[in-house]
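Student: Hi! Could you walk me through this one while I have it open?
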Amino acid sequence: MTSKRGLILEDAMLIVMKPSASPEEIGAVITRVKDLGFEAKAIPGAQRTAVAVTGNHGAVSADKFESLKGVKSVVRVSAPFKLVSREVKPEDTVISFASGVALGGDNFQVMAGPCSVESEEQILTTAKIVRDAGASFLRGGAYKPRTSPYAFQGLKEDGLELLAKAREATGLMVVTEVKDTETLPLVASYADVLQIGARNCQNYSLLEAAGRQDKPVMLKRGMSTTIKELLMAAEYVVNAGNPNVILCERGIRTFETMTRNTFDLGAIHMLKRLTHLPVIADPSHGIGLWHGVPALARAATVAGAHGLIVEVHPNPADAWSDGPQSLKPERFSQLMRELKALREVMHEVVQDV
Ligand code: PEP
Ligand code: MN
């Protein structure tokens with residue numbers, strides 16, 4: 001909101017630098033912001049750098065910055081989410097990984113693997129299958145947030161060790177869930193991407209802790225989380241210092257019971273419109289039934305998702321968790337071929353890929 005006095009309270013400000021602005025000029029702007037008692041975050045972009053000013057609990061007027069060298073303009077960020085919004089950073093965030101893989105922008109990546117890590121044989125076999133089919137990340141939970149305290153809770157640190165072995169054997173990057181702040185340092189020491197699950201989407205202590213370390217975070221939409229709430233949750237991570245957040249649509253809870261969740265295809269479109277962060281989809285939890293997974297995976301891809309996370313198990317009937325929604329290896333490989341063909345057609349015929 002704007003008052004006659006200037007920019008107040010909920011509004012963040014964005015100081016847009018001229019393309020020609022020097023690092024010293026950017027530094028001087030950041031110093032001025034901090035001297036005034038606000039937070040400053042430089043957001044480098046392809047065309048220009050911007051400095052986001054947050055924490056302006058009180059009146060601050062744009063002319064405090066407009067006169068500084070190298071400043072092009074000062075704009076108010078009207079979205080309630082600031083750092084993750086396209087207003088602050090118009091171009092897509094692309095996250096680069098040690099393996100040379102990039103996610104976001106024009107890069108489409110598939111994460112695949114079992115719901116839970118069960119044994120060395122299971123995770124190594126699955127890792128090779130999904131790598132050979134074209135996935136670039138291995139998924140697998142070592143710390144499982146289960147609805148029942150009597151259900152399998154994951155192999156914990158032993159599971160993390162097995163994921164590291166599978167990474168070693170295949171070159172895949174590892175995405176695995178972190179359940180709480182206590183285990184975060186341990187999980188982060190093994191993972192290439194930290195998954196924050198639907199049940200923890202609005203666990204603000206966990207989000208802040210994930211924001212204070214440097215592994216990218218894959219944040220899943222909560223079962224009853226609105227698109228705005230998901231973006232606000234991502235804002236916690238970015239505001240705490242970690243710009244590398246991947247958002248994941250994994251279905252929400254509705255009155256429908258025939259499917260496990262109601263997959264929200266519209267959220268993919270809205271998220272891509274509102275945020276520069278990569279947006280992926282989880283068709284496995286999105287429907288909860290293996291036979292529906294390919295259809296949702298294809299739909300999410302055509303809707304513009306930057307990637308997918310898919311549950312694959314060598315023998316779904318024996319899976320320790322989420323067997324009914326896990327694809328058999330052959331069906332997953334077939335799906336990967338379908339996605340490749342679809343993406344080729346999309347690049348030819350779709351205007352706003
Ligand atoms: C999972 O990925 O296995 C999982 C628990 O997902 P979600 O948090 O979306 O339920
Ligand atoms: Mn699962």
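Tutor: Happy to; we can go through the metal site, the other ligand, the domains and a few single residues.

Student: Before we start, is this from an experiment or predicted?
Tutor: This is a predicted model.

Student: Okay, metal first. Which residues coordinate the manganese ion (ligand 2)?
Tutor: Four side chains do: Cys-115 through SG, His-285 through NE2, Glu-311 through OE and Asp-322 through OD. The distances run from 2.0 to 2.4 Å.

Student: How are those donor residues spaced in sequence?
Tutor: The pattern for the manganese ion is C-x169-H-x25-E-x10-D. Cys-115 and Asp-322 are 207 residues apart, so this pair links distant parts of the chain. Cys-115 sits in the loop between strand S9 (109-113) and helix H3 (120-133), while Asp-322 sits in the loop between strand S16 (307-311) and helix H11 (329-349).

Student: And are Cys-115 and Asp-322 buried or exposed?
Tutor: Both Cys-115 and Asp-322 are buried. For Asp-322 the relative accessibility is 18%, and the cut-off for buried is under 20%, so Asp-322 counts as buried.

Student: What about the backbone of Asp-322, what is phi there?
Tutor: Phi of Asp-322 is positive, about 55°, although Asp-322 is not a glycine.

Student: Where else is there a positive phi in a residue other than glycine?
Tutor: Lys-156 is one such residue, with phi near 55°. Lys-156 lies in the loop between strand S10 (137-139) and helix H4 (157-170).

Student: How accessible is Lys-156?
Tutor: Lys-156 has a relative accessible area of 37%, which makes it partly exposed.

Student: Switching to ligand 1. Which residues are around it?
Tutor: The residues around ligand 1 are Cys-115, Arg-139, Lys-144, Glu-177, Gln-195, Gly-197, Ala-198, Arg-199, Lys-220, Arg-250, His-285 and Glu-311. Cys-115, His-285 and Glu-311 in that list also coordinate the manganese ion.

Student: Which protein atoms do the oxygens of ligand 1 come up against?
Tutor: Here are some of the pairs. One ligand 1 oxygen atom is 3.0 Å from an N or O atom in the side chain of Gln-195. A polar backbone atom of Ala-198 is 2.8 Å from an oxygen atom of ligand 1. For His-285, an N or O atom of the side chain is 3.2 Å from a ligand 1 oxygen.

Student: How much of ligand 1 does the protein bury?
Tutor: The protein buries 97% of the 300 Å² that ligand 1 exposes when taken alone.

Student: Arg-250 was on your list. Where does it sit?
Tutor: Arg-250 is in the loop between strand S14 (245-249) and helix H8 (265-274). Its relative accessible area is 3%, so Arg-250 is buried.

Student: Zooming out, what domains are assigned?
Tutor: The assignment gives domain 1 (8-76) and domain 2 (95-352). The centres of domain 1 and domain 2, taken over C-alpha atoms, are 35 Å apart.

Student: And Phe-81, where is that?
Tutor: Phe-81 lies in the loop between strand S6 (71-77) and strand S7 (95-96). Phe-81 is buried at a relative accessible area of 5%. The C-alpha atoms of Phe-81 and Val-238 are separated by 10 Å, though the two are 157 residues apart along the chain.

Conventions
Residues numbered from 1 in each chain as written. Chains lettered and ligands numbered in written order. Predicted model: local features only at pLDDT ≥ 70, side-chain atom pairs only at ≥ 80, totals over all residues. Heavy atoms only, no water. Donors = N, O, S within 2.8 Å, 3.2 Å for Na, K, Ca; no water. Helix = DSSP H or I, 4+ residues; strand = E, 2+ residues; numbered from the N terminus. Buried < 20%, exposed > 50% of the residue type's maximum accessible area, 1.4 Å probe, protein only. Near = heavy atom within 4 Å. Polar contact = N/O pair within 3.5 Å; in protein donor to acceptor, adjacent residues only side chain to side chain. Areas by Shrake-Rupley, 256 points an atom, 1.4 Å probe, with all protein chains shown as cover. Domains from an automatic or database assignment.
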